[in-house]
Amino acid sequence: MQACDKGPPPALPDALEAGGGIVCAVGAGGKKTTLHRLLEQLGGRVGVTATTALTPVPPSLVDAECVATAEQLTDDVPAAARAARRVVFACPGAKPDRHAGVPPGVIAAVHARAGFHTTLVKADGARMRSIKAPRAHEPALVPGCRRVLFLVGASVIGRPLDASLAHRVPELAALLDLSVGQVITPEHIGRLLSEPAGARQHVGTARLIAVINQVDDTNRLDAARRAAKAALAGRCPPDRVVLTAMTAAQPVIEVIDPGQTRADGGP
């Protein structure tokens, strides 16, 4: 891998290649925050939804909300999109603070009928943890998905594997050849991001963008760079690795493509 000159950090939609088509966010460690930051920056007509449970999106980030049965959404969302640029849509949930997911095929149909430039989709759950491995049926990606963003939190590096920081612990332990209580290394993160049963699961022909989030200080930056290098040297490497701090004013820290050891931005 060759070094790349540093330059100004790119905008988040450019770094994540999320500026068009259907974009699914999966994994753990900041999916919701990532989708919200993209909503702040994306132009054009944008839809936001989920194939799994979805907490309400802050009203300041959207112009309309449609919560209805899957059948009703195919008419309601295109109607809302004629007058609103950013539309969140979901099915009714059992709890008032949580909507239910929309079937993947319905999302694809709504995306086309509403004329969305971009549809952002939360496509799995992680129960507020910072790392996960998918079960066999996960993630529930949308047909025609253009990009898959697989997130993992840099905060887990150097910490022992347990249920307080990881979702799907048995699957993660088996995938990474880890025991509960064993310390997670950057190389373990690299393996998660490059295994067929890890970040690559069910991705198909979509581009896989690995997002190492929570890169909030120099120590985490060094560890995240090691993880990115391991991912790009793995069995089925991602198409790009982006290091981020989604709670920072400038969320993009570095963009690392195959053939590069460094890219845009800085801590």
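**Notebook: strands, helices and loops**

I started in β8, where Val-148 is the bridge partner of Cys-24. The model is predicted, so local features need pLDDT of at least 70 and side-chain atom pairs count only at pLDDT 80 or more, while totals for chains, interfaces and linings use all residues. Residues are numbered from 1 along each chain as its sequence is written, and side-chain values use heavy atoms, with hydrogens and water left out. My elements are DSSP runs numbered from the N terminus: helices are H or I with at least four residues, strands are E with at least two.

**Entry 1: β8 and its partners**

I checked the pairing of β8 (strands pair if DSSP finds at least two bridges between them). Strand β1, residues 21-27, runs parallel to β8, and six bridges join them. β10 also pairs with β8 in the parallel sense, over seven bridges. There I found Gly-153 opposite Asn-213 of β10.

Next I asked how many of the nine residues of β8 are buried. Eight are, and the strand is mostly covered. My cut-offs for relative accessible area are under 20% for buried, over 50% for exposed and in between for partly exposed (1.4 Å probe, protein chains only).

**Entry 2: helix α2**

I listed the buried residues of α2, residues 31-41: Lys-31, Thr-34, Leu-35, His-36, Arg-37, Leu-38 and Leu-39. They pack against α1 (12-15), β1, β2 (46-50), β4 (86-95), β6 (118-122) and β8.

**Entry 3: α3 against α4**

Two packed helices are described by the angle between their axes and the distance between the axes. I noted about 25° and 9 Å for α3 (residues 70-81) and α4 (residues 104-114). That makes α3 roughly parallel to α4. Under 35 degrees counts as roughly parallel, over 145 as roughly antiparallel, 65 to 115 as roughly perpendicular and the rest as oblique. Axes are lines fitted to C-alpha atoms, for helices over the stretch in contact, and angles between N-to-C directions run from 0 to 180 degrees.

Which residues of α3 and α4 make the contact? From α3 I wrote down Ala-70, Leu-73, Thr-74, Asp-75, Val-77, Pro-78 and Ala-81. From α4 I wrote down Val-106, Val-110, Arg-113 and Ala-114. Contact means heavy atoms within 4.5 Å.

Cys-91 is in strand β4. Is Cys-91 buried or exposed? Its relative accessible area is 9%, so Cys-91 is buried. Ala-68 is 23 residues away along the chain, yet the C-alpha atoms of Cys-91 and Ala-68 are separated by 5.0 Å. Not counting residues up to four places away in sequence, Cys-91 touches several others, including Ala-68, Leu-73 and His-99.

Ser-194 is in the loop between α6 and β10. Its relative accessibility is 2%, so Ser-194 counts as buried. Among the residues Ser-194 touches, leaving out those up to four places away in sequence, are Ala-230, Arg-235 and Cys-236.

I looked for positive phi in residues other than glycine. Asp-177 has phi near 55°. Asp-177 is in the loop between α5 (169-176) and α6 (186-192). At 59% relative accessible area, Asp-177 is exposed.

Gln-214 has phi of about 65°. Gln-214 is in the loop between β10 (207-213) and α7 (218-232). Gln-214 is buried, at 17%.

Last, I found a cis peptide bond between Glu-138 and Pro-139, with omega about -10°. Pro-139 is in the loop between β7 (131-132) and β8 (145-153).
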